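I opened the notebook to look up charged side chains.

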Amino acid sequence: MNLKHISFFILLFFALNAFAQQQPQGGRQINIVYGANFTKDEAQFPGASIFSKDDERQVQFEHQGADLWCDIAIFYAEENRLKAIGNIRMQQGDSIEMNSGKMDYDGNTKLAKAWESVDLTNGQMTLTTDTLYFDRANQKAYYNSGGKVVDSANVLTSRIGTYFMEPKKYQFQKKVHIDNPDYTIDSEQLDYYTESKNAYMYGPSTITGEEYKIYCERGFYDTTIEQGYGIKNTRIDYDQKIIEGDSLYFDKATEFASATNNIKITDTINNGVIRAHYAEVHKAKDSVFATKRAVSISLVEKDSLYMHGDTLMVTGKEEQRVLRAFRNAKFYKTDLSGKCDSIHFDEATGITQLIKNPVLWNVDNQITGDSIHLISDMETDKLDSLKVIQNAFIISLDTISGTGYNQAKGINLFGKFIENELKIIDLVQNTEVIYYVYNDDDELVGIDKTICSKIRLLMANNDIEDITFFVNPDGDIFPESDLPVESRKLKGFVWRGDERIMSKEEIFDEDDNNIELVKIRGIDNPIDIDAEENERQNNENDPINARNTQGIKPKQPAVKKKAATP
């Protein structure tokens with residue numbers, strides 16, 4: 001061994017001995033594993049020892065489960081901190097590795113500040129940034145000047161970011177962006193778990209896919225399968241429909257979306273709207289299912305038509321759609337309303353069928369029969385005609401006397417609308433009429449009671465203007481005193497005026513107005529996101545109990561079963 005090496009080892013021995021005396025107590029000191037070349041520069045680095053790599057290897061330090069390699073280290077033993085320069089690599093355990101050009105490390109706080117081409121990896125992702133703080137005491141790393149994370153599925157960028165090592169979670173803030181070959185995500189704050197690749201969004205957030213766009217201000221998204229939900233100010237643009245609600249769920253693979261509480265579904269092609277408190281959209285079937293105070297709203301002749309049923313279904317492609325309202329079906333527009341067990345509207349034929357015990361009110365005229373069909377003009381979308389099949393009956397209150405009823409009945413009824421007003425009514429087969437006849441001074445002339453084979457009523461201002469009898473009419477106009485009260489009603493007469501729907505609010509009954517909405521978890525109370533993620537992962541690993549962790553049924557929006565007042 002030459003004199004140069006002997007001198008170096010003597011100097012190193014005394015330096016290490018001095019370090020041992022200077023190092024803090026309690027097992028927190030930074031340890032030198034390999035010092036290589038040793039010097040001091042009191043003018044520039046007072047109190048520091050300077051180590052630099054040799055031809056064989058870099059300088060190496062160890063501190064409480066972490067190793068650091070660099071080309072040059074400026075070590076302040078008394079203060080238990082060091083500055084590392086050049087080709088720096090910090091390794092913690094088997095998973096965390098950080099590389100940079102420069103680094104400051106404090107052994108007392110276990111805080112590292114790295115800058116110049118920084119990258120950090122955990123084996124599943126790589127973070128790159130200009131400056132990174134590695135807080136080993138709290139097992140997190142963070143940046144404040146912009147960073148990028150790349151994993152097997154996504155590229156994520158943000159202005160501010162924090163990586164929590166124990167849950168393997170990133171918390172991104174300000175101008176958060178996820179780039180995926182199939183979609184992009186933009187958010188103000190987003191938590192991202194590197195193992196599951198699940199994202200939890202806060203603040204204004206937008207997910208844009210090839211065939212959908214989702215906006216929410218609190219939501220979850222599984223970035224690997226494009227499935228998730230939003231629970232605050234959520235909107236989905238999907239299948240030429242805009243879906244809004246308190247809680248929305250979306251699954252690309254099954255081409256399915258659902259919504260819970262205060263829902264509005266807008267058909268952007270037909271400008272129709274469905275409102276409800278639960279709804280489903282099935283893209284593959286071109287269908288919408290809605291229930292819980294469900295109502296369809298469409299424009300007919302500059303007037304809104306409201307259609308309600310316990311359940312609404314819309315199926316079929318554009319211009320081939322079929323709308324069905326099941327159980328307790330009702331509809332309302334300014335001059336037309338009705339109710340029945342179910343309603344069936346076929347866009348291709350323009351026919352609306354009122355099925356089972358139907359009643360129709362055209363202004364003051366009550367029309368009933370076994371089945372009622374409303375037919376629209378396919379070119380103008382205006383109401384064209386009316387059919388009542390079997391047991392047709394039309395009744396209106398005699399507005400002058402206020403006590404009698406004008407009535408006409410037959411086997412079938414055919415009506416004609418002109419400019420959306422019922423103008424011509426033909427009753428055929430076994431027809432009968434009772435009609436109060438007045439002179440020009442509104443004095444009662446008598447009561448017309450006639451039977452024949454066919455009757456035509458001409459309407460004006462929604463009142464009977466003229467009556468024509470066909471084929472052997474048999475009847476007369478009786479003075480009021482000559483026609484007993486019990487003879488002033490045709491057989492089968494039933495006045496249902498107390499059931500008449502006078503406004504859009506009256507299509508809903510008491511049960512509709514008192515629906516208890518499900519309580520959506522996370523809207524009023526904060527959620528422990530780490531606990532939610534653990535719950536989700538545990539359920540996914542349990543094939544028996546696997547289900548969406550927050551749904552009222554598998555793969556539904558985040559809800560609890562506990563009811564709440566709407």
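My entries on charges follow.

I note that this is a predicted model, where local features need pLDDT of at least 70, side-chain atom pairs count only at pLDDT 80 or more, and totals for chains, interfaces and linings use all residues. Residues are numbered from 1 along each chain as its sequence is written, and side-chain values use heavy atoms, with hydrogens and water left out.

**Salt bridges.** I took a salt bridge as a side-chain nitrogen of Lys or Arg within 4 Å of a carboxyl oxygen of Asp or Glu. The count by this rule is 22 salt bridges.

I looked up Asp267 and found its salt bridge to Arg321, 3.4 Å from N to O. Asp267 sits in strand E23 (residues 256-267) and Arg321 in the loop between strand E28 (311-315) and strand E29 (322-333), so the pair ties together parts 54 residues apart in sequence. Strands here are DSSP runs of at least two residues (E), and helices are runs of at least four (H or I), numbered from the N terminus. Asp267 and Arg321 are both buried. Buried means under 20% relative accessible area, exposed over 50%, and partly exposed in between (1.4 Å probe, protein chains only).

Next I checked helix H3 (residues 529-540), which holds both Glu532 and Arg536, four residues apart. Their side chains meet in a salt bridge of 3.5 Å, N to O. Shared partners join Arg218, Glu532 and Arg536 into one network of salt bridges.

**Surface patch.** I found a negative patch formed by Asp440, Asp441, Asp442 and Glu443. Patch residues have over 30% relative accessible area and no salt bridge, with like charges joined within 9 Å. Asp440 is exposed, at 80% relative accessible area.

How values were computed
Patch = residues over 30% accessible without salt bridge, like charges linked within 9 Å, V, L, I, M, F, W, Y side chains within 5 Å. Areas by Shrake-Rupley, 256 points an atom, 1.4 Å probe, with all protein chains shown as cover. Lys, Arg positive; Asp, Glu negative; His and termini not counted. Charge placed at Lys NZ, Arg CZ, Asp CG, Glu CD.
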